[in-house]
Amino acid sequence: MSDNKNNMGDQQPNNPMQPNRNPKGKRRFNLMWLYAILFIVLIGLQFFGKENAVTQEDIDQGRLVELLQSQEVSKIELINKEDAEIYLNERGLQKNFPEAQTVNGTTVRPNYTYRIGSLDRFEELVEKSQEGIENPVYISNVRRNNWMSDILSWIVPLLLLIVFWMVIMRSMGSGLGGGAGSIFNIGKSRAQLYDKNSSNVNVTFKDVAGLEEAKVEIMEVVDFLKNPEKYTKLGGKIPKGVLLVGPPGTGKTLLAKSVAGEANVPFFSLSGSDFVEMFVGVGASRVRDLFNNAKAKAPCIIFIDEIDAIGRARGKSAFTGGNDERESTLNQLLTEMDGFGTNSGVIVLAATNRADILDKALLRAGRFDRQIYVELPDIVGRKEIFEVHMRGLKLAADVDKEFLAKQTPGFSGADIANVCNEAALMAARKGKEEIDKQDFLDAVDRIIGGLEKKNKIISLEEKKVIAFHEAGHATTSWLLQYAHPLVKVTIVPRGNSLGAAWYLPEERQITTKEQMYHEMIATLGGRAAEQVVFGQISTGALSDLEKVTKQAFAMVTYYGLDDEIGNLSYYDSTGQQDYSLTKPYSEKTAETIDKQVSKIIEKAYQEAVSILTDHRDGLSQLANKLIEEEVIFGEDLERIFGKRPWGNSEDEKLKNAALKETENQAQKQLETETQNEPQNA
């Protein structure tokens with residue numbers, strides 16, 4: 001602690017928060033005081049140092065005429081053709097100023113001042129007032145220069161400009177030393193530094209769940225920084241860069257925070273947008289400053305969040321020239337990461353969810369040696385994430401983390417955190433002491449479907465149409481082998497929808513043509529039910545039509561699942577088509593694509609109509625129950641249509657056993673890491 005205090009004392013003269021103190025603690029002379037004194041002196045000379053600064057009275061026209069006619073005026077001096085100074089003679093002085101001291105029969109200073117409006121009228125007034133007088137008084141013109149006033153007329157505005165400029169500079173930079181926002185430091189890096197003594201980061205690897213593979217890769221980098229001899233003795237070199245790629249909310253930034261909490265080295269954190277500025281060359285300057293600071297503190301880690309803000313592929317936009325500021329920043333980043341110079345001991349950790357648009361030069365080995373894909377968690381990962389976010393919650397005994405993990409397929413880590421928070425808010429809103437299972441289910445419904453609108457006015461006829469629409473989705477999905485089985489259906493309005501259905505999708509890595517086709521049939525089941533029951537269709541299937549149109553288009557143009565188009569894919573993973581004004585296929589092919597997309601959708605719709613026609617009674621039973629209770633579950637479909645014939649109990653047992661084995665392996669790995677942590681520390 002004493003060494004730290006000494007170092008702070010040595011740097012005290014350069015502290016921008018105390019610019020007026022020298023190393024001995026005495027206050028330095030501030031030039032602002034000198035400017036203020038000079039300004040006060042000039043103002044004083046202007047108002048109190050005039051030669052004509054004497055006590056004199058202003059007179060009106062009638063008084064002036066009276067003085068002239070009584071021959072009490074000695075002389076009239078017209079000053080700069082603006083004011084007339086009246087001097088009285090001996091008779092006038094004895095009458096008006098008997099105690100005044102005279103020189104040669106008059107006073108040194110004028111006795112009266114007359115404000116002239118029109119010079120011609122004033123001369124005429126003086127002349128007419130002295131008609132018939134033997135020795136009239138004539139007007140004498142006097143040119144009088146007020147040098148002090150002339151000087152102040154251009155010095156004062158200049159001083160005001162100087163003071164204004166100094167105030168602006170001080171406010172922008174907190175003094176000439178400047179801070180991060182100073183105009184003098186605009187080219188400096190805005191990275192926030194976290195070191196081993198920092199208390200701002202308290203996230204460790206224990207707080208990261210569901211990312212076991214990514215944690216292994218990241219932990220190796222951290223271990224390399226902690227124990228470099230373990231790798232260098234075998235000739236290994238530290239990776240220069242690690243890129244975290246994955247959908248939003250999967251935990252890329254959280255993983256970086258855990259690295260900052262685990263690594264005992266300086267950690268620079270900033271966003272890709274921090275390099276972007278309106279001034280030319282600022283981005284490249286900030287990159288240079290960032291790496292200079294990192295080299296001075298090596299070994300260290302630089303984390304750039306959302307690197308696609310500056311790492312977008314160069315030359316892909318037709319609207320930017322060769323002097324694009326973003327490209328200049330990227331060029332400087334490429335040079336710093338692996339240029340002619342060396343950056344030994346500096347690891348760049350970056351995160352993005354748009355790796356497809358990044359420049360190829362940025363992704364090559366030697367810059368980002370490793371790309372870690374942070375994907376959406378599976379059922380085991382979701383269970384672990386629920387355990388992390390439930391640590392501070394008061395849970396009821398009926399809360400089952402494994403059940404909640406099954407009810408949230410496709411949820412990211414951020415979504416699960418939102419579910420836990422929404423469940424706690426709902427329980428508190430209801431005045432509960434603990435958060436139970438139903439609160440979590442309501443939270444899932446709230447996030448997926450939106451807020452319930454029970455007070456929304458819906459007529460009985462509309463309610464019947466909505467019920468049959470949702471029952472059509474449920475029926476077709478239950479009777480199709482590869483469609484997702486139903487979990488819950490409601491006709492209570494949620495968000496922008498008049499009804500909602502929740503399904504339990506199978507977690508698969510690849511999808512066949514038949515599986516996609518069955519999903520399209522189930523999606524069109526709502527409109528097909530309206531056609532079968534009412535003989536007409538409505539606008540309620542807008543989102544369904546949008547979904548199946550995108551699916552059919554992807555089948556034809558991306559996945560090569562159409563016989564007419566064949567095994568062709570027009571998908572561009574590089575993102576170059578975003579800036580292209582032409583399509584990658586001809587007009588004739590475009591017509592064929594439109595024809596095949598329409599053909600697939602119409603075929604799926606007709607098959608949905610056929611299924612619902614064959615099961616009209618079950619559809620009606622399900623819809624009527626939905627009208628009565630407003631909510632139905634998978635058990636209701638099982639009672640009406642029976643169990644799904646494609647469920648295999650042996651397969652379910654094998655699947656559950658595999659999930660259990662995966663959980664055991666993850667638990668053992670976590671226990672091993674926990675036991676090794678004290679040794680590494």
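## Sheets, salt bridges and surface patches

Leu-158 sits in helix H6, which spans residues 147–173. The model is predicted. This report takes the surface patches, then the strands, then the salt bridges.

### Surface patches

Leu-158 is partly exposed, at a relative accessible area of 43%. Together with Ile-151, Trp-154 and Ile-162, Leu-158 makes a nonpolar surface patch of about 380 Å². Patch members need over 30% relative accessible area, so Leu-158, at 43%, clears that cut-off.

Lys-513 belongs to helix H19, residues 513–523. Lys-513 counts as partly exposed because its relative accessibility is 37%.

### The open sheet

Which strands make up the open sheet, and in what order? There are 5 strands, in the order S1-S4-S3-S2-S5, with mixed pairing. Strand S1 (57–58) and strand S5 (139–142) are the edge strands, and each of them pairs on one side only.

S1 pairs with strand S4, residues 112–115. The sense is parallel, and there are 2 bridges. Glu-57 stands opposite Tyr-112 of S4.

### Strand S10

S10 has parallel pairings with S7 and with S9. Strand S7, residues 241–245, is joined to S10 by 5 bridges. In that pairing Val-245 stands opposite Thr-352 of S10. Strand S9, residues 300–305, is joined to S10 by 6 bridges. There, Phe-303 has Leu-349 of S10 as its bridge partner.

### A loop contact

Asn-202 is in the loop between strand S6 (192–194) and helix H7 (212–226). Asn-202 counts as exposed because its relative accessibility is 63%. Asn-202 and Ala-260 are 58 residues apart along the chain, yet their C-alpha atoms are separated by 8.6 Å.

### Salt bridges

How many salt bridges does the model hold? The count comes to 22. Three of these pairs are set out here.

| Pair | N to O distance | Separation in sequence |
|---|---|---|
| Asp-338 and Arg-364 | 2.7 Å | 26 residues |
| Asp-442 and Lys-430 | 3.3 Å | 12 residues |

Are Asp-338, Lys-240 and Arg-364 buried, partly exposed or exposed? Asp-338 counts as partly exposed, at 22% relative accessibility. Lys-240 is partly exposed too, with a relative accessible area of 34%. Arg-364 counts as partly exposed at 33%.

The side chains of Asp-442 and Lys-430 meet in a salt bridge at 3.3 Å, N to O. Asp-442 is in helix H17 (residues 437–449) and Lys-430 is in the loop between helix H16 (413–429) and H17, so the pair ties together parts 12 residues apart in sequence.

Why does Asp-442 count as buried? Buried means under 20% relative accessible area, and Asp-442 counts as buried because its value is 18%. Lys-430, at 49% relative accessibility, counts as partly exposed.

This pair is part of a wider set. Lys-430, Lys-432, Asp-436, Asp-439 and Asp-442 are linked in a network of salt bridges.

Definitions and conventions: Residues are numbered from 1 along each chain as its sequence is written. This is a predicted model: local features need pLDDT of at least 70, side-chain atom pairs count only at pLDDT 80 or more; totals for chains, interfaces and linings use all residues. Side-chain values use heavy atoms; hydrogens and water are left out. Patches are made of residues with over 30% relative accessible area and no salt bridge: like charges are joined within 9 Å, nonpolar side chains (Val, Leu, Ile, Met, Phe, Trp, Tyr) within 5 Å. Accessible areas come from the Shrake-Rupley method with a 1.4 Å probe; for residues, only the protein chains shown count as cover. A salt bridge is a side-chain nitrogen of Lys or Arg within 4 Å of a carboxyl oxygen of Asp or Glu. Helices (H or I, at least four residues) and strands (E, at least two) are DSSP runs, numbered from the N terminus. Buried means under 20% relative accessible area, exposed over 50%, partly exposed in between (1.4 Å probe, protein chains only). Two strands pair if DSSP finds at least two bridges between them.
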